[in-house]
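Reader: I am new to this structure and would like to go through it in questions and answers. Please show it before we start.

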Amino acid sequence: MLMFLLGIVLLIGGYCTYGKFIESILGPDDRETPAKKSYDGVDYLVLPHWKNMLIQLLNIAGVGPVIGVILGVKFGAIVFLIIPIGNIIGGAVHDFTAGMMSLRHNGANLPALINMSMGKTVYTVFSVFMTFLLLLVVAVFINIPAGLIDRMMPDTSIFWYAVGGIFLYYIVATIFPVDKIIGAVYPIFGAMLLVGTAAIFISMLWHYSFTNSTFLMETPELKKLVFGFREQNPVLPVLFVTIACGIMSGFHATQSPIIARTMASEHQARPAFYGMMIVEGIIAMIWAAGGFAMYNMFPAMFSDNATNVLVEITRYFLGGWMGILTIVGVVILAITSGDTAMRSLRLSLAEMFHIGQAKVSNRILLCLPLIVIVAGLLWWSNISAKTFGQLWNYFAWGNQVLASFTLIAVSVWLWKNGKNGFVTVLPGMFMTFIVLTYILWISPAHGGPVGFGLPLNVSYIAGVVFALCWGAWAYFKGRRLSGEISSAK
């Protein structure tokens, strides 16, 4: 319990200290924002600050900080320190700097930002990769909430009806102006999420104080399970791919331009970008604690799937209608990331192909191929549990590849403008090391999808070498561009 509470205190303190330090580097000012400069009534318009923060929170807080941490806490109590530290110096910095870069470039989407910093060749490869990843995100974030809704109806199967309903909502939310659907329903969704998560937190404190003061202590049996799990899944790199969104998520950088286009002032950036990632970290800590308690009290659940553990967390700590409300909150987490993932796809494709989005016909035209591809992914991912597992795994490591590219691109941008790029290049190099090591090491023999299956030590060396080269390239690229700007002046 002490590590859990300390982790939450660290997150709050990180917002007030390190978040302020990052803000001083970025230097938000009173310049005209994209919402005012490029108003179109569809994607560019001013929304209230509180609503922007809720939209950003729900955009980024998908099932990663719930499902991911329930899986990740199998690595043991150390997760309660890794989540806040990684969030403060990695994930929240990633979200804040990417969001500010978008703000400074008229709400540009991530591929356009990559093009500015890294050039046309990287931009082309990255755009294809990001499009593929967002398609996976949409499919994953239809599958999981549909599955949870289906579990809430034990006497009949409504899975495919739920899939159809969620997919239809995504299409509508993607096509309509941002204030008509997303801006209207997110405050309700946000309230449900925050109330449900707060209820679990309060219930855990109650149980700790009055019924069971040992449920967050590693029992000998749990220690044995954790040790066995680590033998099969090395902390570096598997932990940082598994937890993903609770520590860092490249997906967030695809979402930040949505509210970069609806902000009234740059001074709203730290609470909206850095602050909402901190809130996501707190949500992740609470669900990680819930998962840890289940594995501690009911060791047989250690081998159960994360969705079943999630349901048991709500039943044990809340029960009855409050437990159902919390599961609905988790469903909302997935849905409110899936809808904006599809919206980001539309916006990015529109930017790539220079298709104006003021006309509804253009928005529908861009959505049609997305609908067909996502439908195909949904069919494939539900052939068997194995295919869905592969879908989730590719989403998890692809997400961190995106984070690596984003942090390196932001580092170039910072150095180009004479600012401290080390705050982003160091976490960017670390995440590069993680994802390259994972891809080189993972294989069916190691309990994962298709990979290179190299020995772990060889993968480590390759990961370190590539990360160092990647960081050095960013530094010299940024300094060269900075010199070009100085010469032009």
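Reader: What share of the contacts in the protein chain with a separation of 6 or more comes from residues 24 or more positions apart?
Author: This is a predicted model, in which local features need pLDDT of at least 70 and side-chain atom pairs count only at pLDDT 80 or more, while totals for chains, interfaces and linings use all residues. Residues are numbered from 1 along each chain as its sequence is written, and side-chain values use heavy atoms, with hydrogens and water left out. Contact means heavy atoms within 4.5 Å. Among contacts in the protein chain with a separation of 6 or more, the share from residues 24 or more positions apart is 81%.

Reader: How many helices and how many strands does the protein chain have?
Author: Helices (H or I, at least four residues) and strands (E, at least two) are DSSP runs, numbered from the N terminus. By that count the protein chain has 0 strands, and its helices number 20.

Reader: What percentage of the 489 residues of the protein chain count as buried?
Author: Buried means under 20% relative accessible area, exposed over 50%, and partly exposed in between (1.4 Å probe, protein chains only). Of the 489 residues, the buried part is 59%.

Reader: Is Thr 432 buried or exposed?
Author: Thr 432 lies in helix 19, residues 422-441. Its relative accessible area is 2%, so Thr 432 is buried.

Reader: With which side chain does the side chain of Thr 432 make a polar contact?
Author: A polar contact is a pair of N or O atoms within 3.5 Å; within protein, one must be able to donate a hydrogen and the other to accept it, and residues adjacent in sequence count only if both atoms are side-chain atoms. Leaving aside neighbours within four places in sequence, Thr 432 is in contact with residues including Phe 466, Ala 467 and Trp 470. The polar contact, at 2.5 Å, is with the side chain of Ser 404.

Reader: Where is Asn 109, and what is its relative accessibility?
Author: Asn 109 is in the loop between helix 6 (79-104) and helix 7 (110-118). Leaving aside neighbours within four places in sequence, Asn 109 is in contact with Pro 257, Arg 261, Leu 347, Ser 348 and Glu 351. A polar atom of its side chain lies 3.5 Å from the backbone oxygen of Leu 347. Asn 109 counts as buried because its relative accessibility is 1%.

Reader: How many residues of helix 13 are buried?
Author: Helix 13 covers residues 251-260 and is mostly covered. Its buried residues include Pro 257, which is also in contact with Asn 109. Of the 10 residues of helix 13, the number buried is 10.

Reader: How far apart in space are Phe 21 and Val 423, C-alpha to C-alpha?
Author: Phe 21 is in helix 2, residues 18-26, and with a relative accessible area of 37% Phe 21 is partly exposed. Not counting residues up to four places away in sequence, Phe 21 touches Asn 420 and Val 423. Phe 21 and Val 423 are 402 residues apart in sequence, and their C-alpha distance is 9.9 Å.
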